[in-house]
Amino acid sequence: MNAERGKAGCQALTLNPTLTKAAQAHSEDMAAHQNMSHTGSDGSSPGDRITRAGYTWSSYGENVAYGYGTAEQVMAAWMSSPGHRANILNCGFQEIGVGLAQPGSYWTQDFGTAR
């Protein structure tokens with residue numbers, strides 16, 4: 001991901017444990033309910049979940065996917081999708097958290113910039 005950001009002139013994202021916690025919880029929720037969505041099973045939005053995890057954000061974004069067996073496969077799919085690509089190449093984002101849950105390979109990327 002950071003290689004793609006570098007090509008676009010963006011700084012590298014740093015891994016944030018709080019965003020990772022939010023991303024992993026959302027991946028687990030999607031896997032448990034076999035439903036890929038930006039809306040959690042409790043009706044939560046990405047901003048709700050990131051805030052609930054304890055991240056104080058000024059901006060955030062989220063990518064979700066399922067069914068891709070490797071990180072390389074899901075990244076290729078996200079880079080081929082205009083909306084997902086826009087999140088990855090958003091130079092305003094500074095941090096990231098990533099989650100993966102089974103069964104079904106439910107992926108979440110939570111991007112953020114702290115307040």
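The model is predicted. Its four strands make an open sheet of mixed pairing, in the order β1-β3-β4-β2. A UniProt record, an unreviewed entry, places the feature "domain: SCP" at residues 1–111. That span is 42% helix and 23% strand.

**The sheet**
- Strands of a sheet pair through backbone hydrogen bonds, either parallel or antiparallel.
- The strand order is β1-β3-β4-β2, and the sheet is open.
- β1 (14–15) and β2 (57–66) stand at the edges. Each has a single partner strand, so one side of each lacks a neighbour in the sheet.
- β2 and β4 (residues 106–114) run antiparallel and are joined by nine bridges.
- Asn63 has Gln109 in β4 as its bridge partner.

**Helices on the sheet**
- Helix α3 (residues 46–53) packs on the sheet and touches β2 and β4. The directions of α3 and β2 make about 115 degrees.
- Helix α4 (residues 71–79) also lies across β2 and β4. The angle of α4 to β4 is about 65 degrees.

**The α2–α3 pair**
- Two packed helices are described by the angle between their axes and the distance between the axes.
- For helix α2 (residues 17–33) and α3, the angle is about 125 degrees and the axes are 8 Å apart.
- Angles of 65 to 115 degrees count as roughly perpendicular, and those over 145 as roughly antiparallel. α2 and α3 are therefore oblique to each other.
- Their crossing is right-handed.
- From α2, the contact takes in Thr18, Leu19, Lys21, Ala22 and His26. From α3, it takes in Arg49, Ile50 and Ala53.
- By class, the contact residues of α2 and α3 are four nonpolar, two polar and two charged.

**Backbone details**
- Most residues other than glycine have a negative phi, and most peptide bonds are trans.
- The peptide bond between Gln102 and Pro103 is cis, with omega about 0 degrees. Pro103 sits in the loop between β3 (95–101) and β4.
- Gln34 has a positive phi, near 45 degrees, and is not a glycine. Gln34 belongs to the loop between α2 and α3.

**The annotated span**
- The end C-alpha atoms of residues 1–111 are 12 Å apart.

Notes. Residues numbered from 1 in each chain as written. Predicted model: local features only at pLDDT ≥ 70, side-chain atom pairs only at ≥ 80, totals over all residues. Heavy atoms only, no water. Pairing = 2+ DSSP bridges. Helix = DSSP H or I, 4+ residues; strand = E, 2+ residues; numbered from the N terminus. Contact = heavy atoms within 4.5 Å. Axes fitted to C-alpha atoms, helices over the stretch in contact; angles between N-to-C directions. Parallel < 35°, antiparallel > 145°, perpendicular 65-115°, else oblique. Left-handed = near helix turned anticlockwise from the far one by under 90°. Nonpolar A, V, L, I, M, F, W, Y, C, P; charged D, E, K, R; others polar. UniProt positions renumbered as here; feature names shortened; annotations may be inferred.
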